[in-house]
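Hi everyone, thanks for coming. Please have a look at the structure on the screen, and I'll walk you through a few places in it.

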Amino acid sequence: MGMVQEFREFAIKGNVIDLAVGVIIGGAFGKIVDSVVSDLIMPVVGLVFGKLDFSNLFLVLGSAPEGTAMTLDALKKAGVPVFAYGSFITVAVNFFILAFIIFLMIKQINRLKRETPVAPPAPVATPEDIVLLREIRDSLKH
């Protein structure tokens, strides 16, 4: 069997196609969660803690050239080392929300997958001829 034929069989298997669909949907879902975190949750969290934008929370670790604006983007463009902990907070919140949503989805899938236990079959009634033979046997013993 040629390598092309083997690859075709591998690529057409259901698991590979399911994985590809999962990766595509996961990427799109990740973008949705990222938008929810950056556009909806982080502004509210920032308002509660008194900062409007977590992405601009950073510590400058070097000296900035004169005339460089003290924003994260400007400092990075100037090559100044910065400790951007605000970006990390945003990404961490994004991760925890995504992990929680995936947990809920898997929990639901597992609940749906659980098979209801099959009731044990009702005992089969003993045929009448066997019952009569037992009665005869029992009467002969007495």
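This is a predicted model: local features need pLDDT of at least 70, side-chain atom pairs count only at pLDDT 80 or more; totals for chains, interfaces and linings use all residues.

Residues are numbered from 1 along each chain as its sequence is written, and side-chain values use heavy atoms, with hydrogens and water left out.

Let's start with helix α4, which covers residues 85-113. Helices here are DSSP runs of H or I with at least four residues, strands are runs of E with at least two, and both are numbered from the N terminus. How far apart are the end C-alpha atoms of α4? They are 41 Å apart, which agrees with the 42 Å that 29 residues should span at 1.5 Å a residue; the expected span is 1.5 Å times one less than the number of residues.

Which residues of α4 are buried? They are G86, T90, A92 and N94. Take T90: it counts as buried because its relative accessibility is 17%, and buried means under 20% relative accessible area, exposed over 50%, and partly exposed in between, with a 1.4 Å probe and protein chains only. Beyond its neighbours within four places in sequence, T90 is in contact (heavy atoms within 4.5 Å) with V37, M42 and F54. T90 also lies 9.1 Å from D34, C-alpha to C-alpha, although 56 residues separate them in sequence.

Now to helix α2, residues 14-49, where we find I25. I25 is exposed, at 53% relative accessible area. Together with I17, V21 and I24, I25 forms a nonpolar patch on the surface, with about 390 Å² of accessible area. For patches, residues need over 30% relative accessible area and no salt bridge; like charges are joined within 9 Å and nonpolar side chains (Val, Leu, Ile, Met, Phe, Trp, Tyr) within 5 Å. The areas come from the Shrake-Rupley method with a 1.4 Å probe, and for residues only the protein chains shown count as cover.

Next, a loop. T68 sits between β1 (59-60) and α3 (72-77), and its side chain reaches the backbone oxygen of P65 at 2.9 Å. Setting aside neighbours within four places in sequence, T68 is in contact with A74, L75 and A78.

Finally, the structure holds 1 salt bridge, meaning a side-chain nitrogen of Lys or Arg within 4 Å of a carboxyl oxygen of Asp or Glu. It joins the side chains of R137 and D138 at 3.4 Å, N to O. D138 is partly exposed at 34%, and R137 is partly exposed at 44%.

Technical notes. A polar contact is a pair of N or O atoms within 3.5 Å; within protein, one must be able to donate a hydrogen and the other to accept it, and residues adjacent in sequence count only if both atoms are side-chain atoms.
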